[in-house]
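Dear colleague,

I am passing on the structure we spoke about, and I would be glad if you could look through it alongside the notes below.

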Amino acid sequence: TTPAPGLACPVLAGVGASTPEDSLRGPDLESAPRQGRDPRAAMDVEAVVQQRYAAAAEKLEDGLCIATSFAAEDLAVVPDEVIQKDYGCGGSEAFADVHEGDAVLDLGSGGGKRCFMLARRVGSTGSVTGVDMTDSMLELARRHVPAVEERLGYANVAFVKGRIQDLRLPLDRADAYLQQNPVASYEQLRGYELECARLRREEPMVPDDSIDLVVSSCVFNLVENKHEVFAEMFRVLRPGRGRCVISDIVSDVPATPAVRANEELWGACIAGAMTETDFVEGFRAAGLSGVELVSRADTWQVVDGVRFYSVTVRAWKLQSVALGNGGKVVYRGPFAAVTDDTGRTFAAGQPVEVDEVTLRNLTTSPPFAASMLRADPPPAAAGGGGCCGPPASAQGGCGSAPPKPSAGCCAGGAPPP
């Protein structure tokens, strides 16, 4: 499909933009506060965002965020209303990381467009869960689930109410508790808080180490406490195979206080945008590794002198538990040397001694395995391999046709039969 032009953001109309060129420059914010107290002190950002997207779920808002494109075969399973009311950035980059049988989590799933397409990719043995905090968006997505299941021929997608910075708390369950136990006193409020704590502890919406792939499109910028989102993403990913592909709006320099104080620009994916540097660093700070910049778009908006555009980043949650001894790895090239996230340097063609966790991550995890080789042969498995066991060419052993073993080859030096 061909993406529609997406440079002019309608949210800026009537706020100082009257021509396409004005739209790129953005509104006149000179009169807004630029120093002193935090301009967001009197603003409930979550309420502002929720109100904006609740309205967008009821009535189509053209141009909210950036137009995207996807393959026709993926869109074929998505109902027209969901396609029309999709608001995000980034295209199909995440789909290259999807495997059949994956458990996928979409942060800020909105009307469900990406969830429905991903449900096709993971197949009947996989699962897709969309998380959103806006009731009208959840209603839109849930209403179309039966039609998508009929087109797919199986049921593997669900939508849950939650905050992406608190993936333990199932808000559907919290809402149900409040309906049965209205809060009119401190004691009742305390009871609600204790129930939420119990749900997080005993019935988390998304358990630890349970997700293969986390995706998100233009949602991190709608949350104030972004470090909590990065931390939650790390928590739910499976060690070793868990990865995330996140698209969002970023800026070249920090947004001005005037932009941060503008409620409309919070809902328009602008006021809450991180700088590109801070966004990429957020993955590493949360403990994720193999951080890659998958795509970087041209300028989308220039507001108060700050340039805003979209990027897509991929990162991995690696193994952290040692299962055996370490070994040596060698960097293939083509660069003369590379440095990992811990500051360790690997020169091309020169073996480096590493611990077992690092050895396993560098030689088996997708972000590194193509560039790293094991420099020493792995130990023979107990009861097999080596010269006395079955062919072990797949593990780099003696080959598919080992010679007849001689004395001393087998354990304990026992002579061959």
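This is a predicted model: local features need pLDDT of at least 70, side-chain atom pairs count only at pLDDT 80 or more; totals for chains, interfaces and linings use all residues.

The protein has 417 residues, of which 46% count as buried, and its secondary structure comprises 15 helices and 14 strands. Among contacts with a separation of 6 or more, 71% are between residues 24 or more positions apart. The accessible surface comes to about 19900 Å², with carbon and sulfur atoms accounting for 52% of that area.

The largest nonpolar core holds 30 residues, and those touching the most other members are Leu 105, Val 214, Met 233, Cys 244, Phe 279 and Phe 283. Two or more residues of this core come from each of strand 1 (103–107), helix 10 (226–236), strand 5 (243–251), helix 13 (276–285) and strand 9 (306–316). If neighbours within four places in sequence are left aside, the contacts of Phe 283 include Phe 230, Met 233, Cys 244, Leu 288 and Val 313. There is also a second, separate core of 25 residues, with Val 82, Phe 95, Phe 116 and Val 122 among them.

As for the largest pocket, about 650 Å³ of space lies in it. It is lined by 30 residues, and the closest to its centre are Gly 290, Asp 340, Asp 341, Leu 362 and Phe 368. Strand 7 (289–296), strand 11 (337–339), helix 14 (356–364) and helix 15 (366–369) each contribute at least two lining residues, and strand 7 gives the most, with four. By type, the lining divides into 13 nonpolar, 11 polar and six charged residues.

With best wishes

Methods: Residues are numbered from 1 along each chain as its sequence is written. Side-chain values use heavy atoms; hydrogens and water are left out. On a 1 Å grid over the protein atoms alone, a cavity is a set of points where a 1.4 Å probe fits but cannot get out, and a pocket is an open set with protein on both sides within 12 Å along at least five of seven lines; lining residues have an atom within 4 Å of a point. Grid points are joined across faces, edges and corners, and a volume is the space filled by probe spheres set on the points. Ala, Val, Leu, Ile, Met, Phe, Trp, Tyr, Cys and Pro count as nonpolar, Asp, Glu, Lys and Arg as charged, and the others, Gly among them, as polar. Buried means under 20% relative accessible area, exposed over 50%, partly exposed in between (1.4 Å probe, protein chains only). Contact means heavy atoms within 4.5 Å. Accessible areas come from the Shrake-Rupley method with a 1.4 Å probe; for residues, only the protein chains shown count as cover. A nonpolar core is a set of buried Ala, Val, Leu, Ile, Met, Phe, Trp, Tyr and Cys residues joined through side-chain atoms within 4.5 Å.
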